[in-house]
2 protein chains.
Amino acid sequence: MDGRNIIGIRKSGIPTKVINVFSPSLQRILDGSFNIASDEELEEAMQIATSAFETYKNVSGSKRAEFLNAIADEILALDDVLVNRAMQESGLPEGRIKGERGRTVNQLRMFAKVAEEGSWVEASIDQAIPDRQPFPKADIRKMLRPLGPVVVFTASNFPLAFSTAGGDTASALAAGCPVIVKAHESHLGTNTHVAMAIQRAAEKTGMPDGVFSSLNGKGIELGQKLVMHPAVKAIAFTGSLKGGKAIYDASAKRKEPIPVFAEMGSINPVLLLDQALQNNGANIANQYAGSVTQGVGQFCTNPGLLVGKSGAAMDVFVSELGKAIEGKKPEVMLNEGICKNFEKNKNHHLAQEGVNLVGESETTAAGFQGRPSVATVSGADFIKNKDLKEEVFGPFSLVVQCADDAEMQAVVESFDGQLTGTVMGENEEIIANRKIIETLQSKVGRIIFNGVPTGVEVCHSMHHGGPYPATTDSRFTSVGTDAIKRFGRPVAFQSYLQELLPEELRDGNPAGIWRKMDGEFGKL
Amino acid sequence: MDGRNIIGIRKSGIPTKVINVFSPSLQRILDGSFNIASDEELEEAMQIATSAFETYKNVSGSKRAEFLNAIADEILALDDVLVNRAMQESGLPEGRIKGERGRTVNQLRMFAKVAEEGSWVEASIDQAIPDRQPFPKADIRKMLRPLGPVVVFTASNFPLAFSTAGGDTASALAAGCPVIVKAHESHLGTNTHVAMAIQRAAEKTGMPDGVFSSLNGKGIELGQKLVMHPAVKAIAFTGSLKGGKAIYDASAKRKEPIPVFAEMGSINPVLLLDQALQNNGANIANQYAGSVTQGVGQFCTNPGLLVGKSGAAMDVFVSELGKAIEGKKPEVMLNEGICKNFEKNKNHHLAQEGVNLVGESETTAAGFQGRPSVATVSGADFIKNKDLKEEVFGPFSLVVQCADDAEMQAVVESFDGQLTGTVMGENEEIIANRKIIETLQSKVGRIIFNGVPTGVEVCHSMHHGGPYPATTDSRFTSVGTDAIKRFGRPVAFQSYLQELLPEELRDGNPAGIWRKMDGEFGKL
């Protein structure tokens, strides 16, 4: 296991400053010593990223697509070497890691298509009107151009799909931005395998040196330095509210403000409407026991709050949910810190006034396992307690039992911004509950009817984002094709020479993309 | 002159706390005492904006269009009352104020069309694939929804087009966001006339109380309170770097981060290529003497820096430019502060090492007039002097004379972010100078060939923005149809009921808008 930093085409590391990875499932230190990046290495990565940008921003969409597809091929070629290391480092089972690898590869190929097709640049042309009165109108054309080097903070909970070659890296590279990855301490080996795959793909497809680097660090030191570096033009982060807000706050002190796309915590509230509970309570209980414990509750869309009205149907639901949770087995969490925080935060919730444990896995947890549990609280107690609105990252959910419609409305009004909100209901009652649903919609990035929030489809219409504190920028998504839009800024070209215009803006539309001509869409 | 604050449908003011306006052209205090908004009035404006948003966000695009068109009608109906007051308060001549009124009205009608047409919401639909393996694909649809109440800081240099009913207000209202205007101290009367026009238009078209308010303040106190208010969801500002950065920094301390769209200073560099100087130097000198002094140099796109290579052609150019500037008359600037700062900053520039005054209006300045002048400096002196890269707001421009191509390239590389960059050149030399032009392009929001940067066309393809410090968010424009995009965030609707979907996302496209269906554009 080569634990050196990846700095463009070379590897670098000072042997005396190393860290290791502890496997949560094997409960031992894994092979491989990972070199902590020095200030000089950080500086070098930034300098070559800056000079790579000068070339890479003008590399064609189809060449960028080749690069992204080559990364996907190199990742698949790693085969069991990658799968086994990711399993050991994350504690996640083989099926999940292989599924995540599939998602990662699909995302890379999807952004390859987006880059190759080319319409993402939002090209627009206003034709000249030389004889307009009182002033002539000039020829003006605009399109998105890449921002510059992007720092990607990798996520612990998706060691592949939201990490080294995950959606952030894939969309930034597709947009024409070099990427500097801050490796996650929990999966440094997985990161190294994937970073080397990217390094090989860059070499094979002739990308400029510095289009990709990956640096190892311990604690927040490297991350802070990356955020403050003047060469960085955007930051992408997936993780905790604490981590994301620290990056946002540090970034706000930069001389030059830059976009910070931090996707952070969320409790993903679910509204359980009356008829749905009455007609279908047991099924919903089982469906949600699955969603709450999926991936040991370590999804950012994990449903941490189930809200409905008290009564006989609610009692049955809670009882069924409790039973279903009792049957779930504790599973290994991502690392020691996450496991300890889960226990601490869950116990803090359970110690709050009016909170009652109503179901817990019958099996006790060992090692870094998280033990699934659910609890109840009244609407009144929930509303007045700020702590209960905070995420418990792991297999835990709180059922809020409201006295009446007004209290349920007040519960929803008390929510902070969320990645998702869900409504479980029969069609007629959904229509009758238009008001509370609209309130929920105003708090979330995605609203779901009769489903579970876990499972984020990678597609054109996905929005994985939401008002603060779900993210630091509700206007952009980190999943789906539009994630590429985070990394471009418009540039207008006035009275420009055809020869110097980017292909996307030339007469006759040689790129064959969708664009606007005097405000009208078309392949014009 | 009613100087009270406009708070939704009512007027409010404590008679003891008032400010007045001093006319820069008449050199006297104008009639009208303007009530400074109290904390209670600020709070009331915010509360009604928040409750208005609940209604206004669902008001149809065509109703919003009626509102915007009614504002335009009400502004035109003010006729000479508005024109005269704006002239008195700004010192700008009648032709300019009438032209600006036309621009303001056109912008309102343009955003009315954008709201009515409706495609700006970027609707996208991914159809369900219930039998997809291994998991079914859900129906997912997304579109932009309005952010919430927007605070607009009005600009001194465009008392109509970038002020009370200017592009920021028009685009925010078109997007479905209530607006709270911070009136500019220099044109409180113009602001009151326009704010009351908006108030009347809101009443006539049945808009909710609180969709628009306008508050008067003195100094930075009211502005700071507006920025920090939790009900505010976005801020738009046009003005100085100092003012914009203060707003950005204050906003960064908010509990909930919000977008800050500050359009700030710029020196708008112009590259003068050799052949153009040789073949056309005298004409360019006259063209730029006009651009530098247009509107007393008080445009954010004013060309403050002209860069070329030393030599005989440059000497002729400088001599012609100096002569042309000598023939320009001093004119009244917007207010005392701007006039004093112009003198101070110009003299600071002139006092720098190697800077030589080469042309100055033959007429001395009186009152708040700004006296046009131009100076020269060598490329070497420019590069090493940070102060010379700062904007002198007013009729002043600095000609940078470079020793050779390499020095000229280094000059361009030393630029901060800019709203615009311009290249004056013959076609062949433009192509030969591809590298320096690309460096310039990387620093600007709009790049112009053989024109002047002053004159910002209001159209689909305009980008009025640019990398920091030109703006705090290079990804958005404050001029042109896309300015509306600043005020929306995507929301995804998964497995939603048709009855509850916004019209823009319903089956059969009843809104008749452009949208994406499984990634393909069309009126589908």
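**Figure 1. An open, mixed sheet of seven strands in chain B of the predicted model.** The strands follow the order E2-E1-E11-E10-E9-E12-E13. Strand E2 (10-12) and strand E13 (260-263) of chain B form the edges, each pairing on one side only. Direction ignored, neighbouring strands of the sheet are turned by 20° against each other on average.

**Figure 2. Parallel pairing of strands E9 and E10 of chain B.** Strand E9 (residues 150-153) is joined to strand E10 (residues 179-182) by four bridges. Within this pair, Lys182(B) of E10(B) lies opposite Phe153(B).

**Figure 3. The contact between chain A and chain B.** Chain B contributes 54 residues and chain A contributes 54 residues. Elements giving two or more residues to the chain B side include strand E8 (140-146), helix H7 (241-252), helix H14 (434-441) and strand E23 (488-494). E23(B) gives the most, with six residues. The chain B side comprises 25 nonpolar, 16 polar and 13 charged residues.

**Figure 4. Strand pairing between chain A and chain B.** Strand E22 (residues 444-449) of chain A pairs with E23(B) in the parallel sense, over three bridges. Gln494(B) in E23(B) is the bridge partner of Ile448(A).

Conventions
Residues numbered from 1 in each chain as written. Chains lettered and ligands numbered in written order. Predicted model: local features only at pLDDT ≥ 70, side-chain atom pairs only at ≥ 80, totals over all residues. Pairing = 2+ DSSP bridges. Axes fitted to C-alpha atoms, helices over the stretch in contact; angles between N-to-C directions. Contact = placed C-beta atoms within 7 Å. Nonpolar A, V, L, I, M, F, W, Y, C, P; charged D, E, K, R; others polar.
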